[in-house]
Each structure stands twice: as C-alpha cells, then as structure tokens.
Amino acid sequence: AWRFYSDSDHAGNTETSNRYKSHWGGLATLGGAPVLFVARSTGVAMAHPDIDEDGHADTSSAAVEVYAAGNMMHEMLHLAYVAEDMGIRFPKPAVLQVDNDACKLFILGETKHTKLKHIMIRQSWVRSLRDANIIVPRHVPSKKNPADIFTKPVKEELFCQLRHMFMHDCHPHTIDAISLPVQD
C-alpha cells in the first residue's frame with residue numbers, strides 16, 4: 001500500500017545563516033519501503049534585489065504547512081505518472097497525511113474567512129486536486145508522521161520510532177536470502 005506524509009517546521013532553525021526560513025519535508029512509501037523523500041528549506045516572500053537573499057521566512061505556520069502539502073502533492077502527482085508508466089497501481093484518491101489541523105481544514109475548504117489569501121492564490125490547485133478526488137488530506141498525529149524527521153530535530157527515541165516506519169532493520173541473514181540478477 002502507498003503512504004504519503006507531509007510536514008513543515010515554521011522558522012524552527014534559528015541559525016543566522018538560515019534567516020528563519022521554514023523547512024518542509026515529504027515522504028512516500030510503497031509496501032513500507034521509501035520511494036521518495038524530500039527535505040528542503042523554503043523562502044516564500046522575495047527579497048529586495050539589492051539584498052543577497054533568495055527569500056524570507058513566511059510569517060504564518062499554517063501558510064508553511066499548506067505550502068508543504070502543496071509541494072508534496074506536486075511530488076505525488078509525479079509519482080502517479082511514473083507508477084502508471086511502470087504499470088504500478090496508484091491509489092485514487094491518494095491520502096496525504098498531515099499533522100497540522102489548519103492545513104487539513106484549508107485543503108478541505110472548511111475555512112470561512114482567512115488571512116492566508118497569498119497562500120489561497122498560490123495553492124488553489126491543491127483544492128482542485130481535492131475536488132477531483134485525486135488527493136485528499138488526513139490528519140495524523142505528529143508522533144506518527146515520519147516526515148517530521150525531515151523538518152526538525154527530534155529526540156533520538158522518536159527519531160528511531162519514525163525512521164523505523166520506513167527504514168526497517170536489515171540483518172545479514174536477510175541480505176543472503178536476496179537473490180540479485182547476475183550481470184555479464
């Protein structure tokens with residue numbers, strides 16, 4: 001079964017060189033094995049041309065979560081095209097698991113009035129994917145969202161628990177049991 005996760009960290013890296021940019025991460029697994037993982041910093045508001053920066057941090061945690069979900073949906077669509085070309089079944093709708101309630105409500109269209117107009121305009125196609133029943137959001141607790149390890153430092157115990165959700169221990173006897181094709 002396919003699994004998809006998205007997460008962001010709103011200006012969590014306070015390093016001077018990071019300039020409080022947010023980070024987003026995404027993970028796609030098939031049969032429990034990682035097929036895609038993404039970890040990137042984001043700058044969403046452009047700086048003045050005289051300033052040597054590629055963007056500023058966003059001011060809203062909900063906005064960066066929606067931005068992360070939108071980016072992950074883009075990655076999911078790409079995976080759907082590749083899977084289709086390879087004859088691999090891809091779910092419809094694909095379920096994107098997010099750990100932010102505001103993000104889920106935004107994607108579902110359950111927000112009445114919002115101050116996230118800049119995100120609404122940029123990510124309106126997210127709702128189009130939802131309306132076409134291609135991708136739908138589902139809430140997952142942070143402690144069960146493995147994309148968390150791509151966005152922020154987590155304690156070792158939680159890191160190992162989340163990592164184990166998609167990177168299973170490999171024992172020597174398991175490797176011996178795998179038969180690889182011999183190449184000439």
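In the predicted model, K152 and D148 form a salt bridge (a side-chain nitrogen of Lys or Arg within 4 Å of a carboxyl oxygen of Asp or Glu), with their closest N and O atoms 3.1 Å apart. D148 is buried at 5% relative accessibility, whereas K152 is partly exposed at 24%; buried means under 20% relative accessible area, exposed over 50%, and partly exposed in between, for a 1.4 Å probe and protein chains only. Both residues belong to a network of salt bridges that also includes D7. Because this is a predicted model, local features need pLDDT of at least 70 and side-chain atom pairs count only at pLDDT 80 or more, while totals for chains, interfaces and linings use all residues. Residues are numbered from 1 along each chain as its sequence is written, and side-chain values use heavy atoms, with hydrogens and water left out.

Over the whole structure, four salt bridges are found. One of them joins the side chains of R40 and E75 at 3.8 Å, N to O, and this pair links distant parts of the chain, R40 lying in strand β3 (residues 33–42) and E75 in helix α1, 35 residues apart; helices (H or I, at least four residues) and strands (E, at least two) are DSSP runs numbered from the N terminus. R40 is partly exposed at 45% relative accessibility, while E75 is buried at 15%. In a further salt bridge, the closest N and O atoms of R130 and D131 are 2.5 Å apart, with R130 buried at a relative accessible area of 17% and D131 exposed at 58%.
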